[in-house]
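Subject: Structure handover

Dear colleague,

Please find the structure below, together with its sequence. My notes follow directly after it.

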Amino acid sequence: MRKGYKLIAMLAALLVCLSPMARDVLVVHAQEPTTYYLKYVESEGEWRFQTGSAWQDNGYHRELYYMQQDIKDGDLLVVDSAGNSLTLDVGVRLSNLTVLNGTAVITTKGIDNCYVTNDAVCVANGDVTNAYLYRNALANFNNNVNYLEVNDDQDIQSEVVVAGTVADFHQVCLYKGLDLHLYNFQANTMHYAKGSLKTEEKYYSATPAEGTATGPAPAPSTPAPEQAPAPAPSAPASDEYDDVPKTGVPMTEAWLLAASLACCLGGYRLRKGK
């Protein structure tokens with residue numbers, strides 16, 4: 001009988017010792033992407049940001065310094081401030097860059113989808129997977145672009161220069177019935193201005209190279225009014241968790257189960273000792 005009591009006491013002490021470990025065990029989850037909306041605030045005399053897909057005039061906004069501390073790979077950036085210029089190095093790969101108004105010089109580790117529209121001017125540093133120009137936009141891409149589309153409802157007034165290569169160029173103008181694809185532009189040769197391709201024919205091809213994927217990666221065919229949504233991230237394999245930011249949830253259920261089993265075992269040993 002006394003042995004049974006000793007066993008229960010030992011089990012209880014063991015659970016007390018392990019309980020801090022139970023609180024520290026985490027279930028790992030990847031963080032969701034964040035949308036940073038940037039505007040020049042006249043009353044502050046500087047650029048500010050809010051999180052979310054639209055600017056709230058009466059909402060709380062902060063200095064870009066704080067955004068640069070928190071921004072991570074896969075986040076979205078919206079620049080919307082007519083008549084103002086912004087130069088910014090984010091130091092991450094963006095899933096989306098949208099320049100709605102004003103002039104933005106953005107340095108990144110790469111961009112999945114870039115949208116420039118409404119007379120906006122964009123200079124992007126970093127490879128771009130898909131780039132779209134609408135409504136008299138002006139863009140300069142200083143690295144490679146996989147898919148480049150100039151798309152206007154009526155007369156095309158947009159202009160774009162690419163310092164890197166362009167795998168697939170697509171000109172669309174529904175008003176004039178234009179739908180043209182050209183491929184494999186050599187580095188520092190792409191120049192398109194106001195409906196006219198300025199690149200010499202010897203620097204590109206009318207057909208894609210064999211085995212080359214053409215067209216954009218999955219993305220909307222028209223620009224989002226405030227942001228272009230990023231594709232929903234797929235669930236990573238277990239060995240990929242070390243490559244993504246993480247948040248934690250205490251794994252208490254497993255420890256409660258372990259405690260229950262320990263008590264059951266102690267009770268069984270106590271009855272057997274009788």
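The notes below begin with the conventions, then turn to the chain as a whole, its cysteines and one loop.

This is a predicted model, in which local features need pLDDT of at least 70 and side-chain atom pairs count only at pLDDT 80 or more, while totals for chains, interfaces and linings use all residues. Residues are numbered from 1 along each chain as its sequence is written, and side-chain values use heavy atoms, with hydrogens and water left out.

The protein chain contains three helices and 17 strands (DSSP runs, H or I of at least four residues for helices and E of at least two for strands, numbered from the N terminus). Of its 274 residues, 36% are buried, where buried means under 20% relative accessible area, exposed over 50% and partly exposed in between, with a 1.4 Å probe and protein chains only. The accessible surface (Shrake-Rupley method, 1.4 Å probe) comes to about 15,400 Å², and carbon and sulfur atoms contribute 52% of that.

There are zero disulfides in the structure, a disulfide being a pair of cysteine sulfur atoms within 2.5 Å. The sulfur of C122 has its closest cysteine sulfur in C114, at 4.4 Å, which is too far for a bond. C114 is buried, at 1% relative accessibility, and C122 is buried at 1% as well.

In the loop between β9 (128–134) and β10 (138–141) lies R135, which is not a glycine but has a positive phi of about 50°; R135 is partly exposed, at 40% relative accessibility. N136 is found in the loop between β9 and β10, and its phi, near 65°, is positive in a residue other than glycine. At 34% relative accessibility, N136 is partly exposed.

Kind regards
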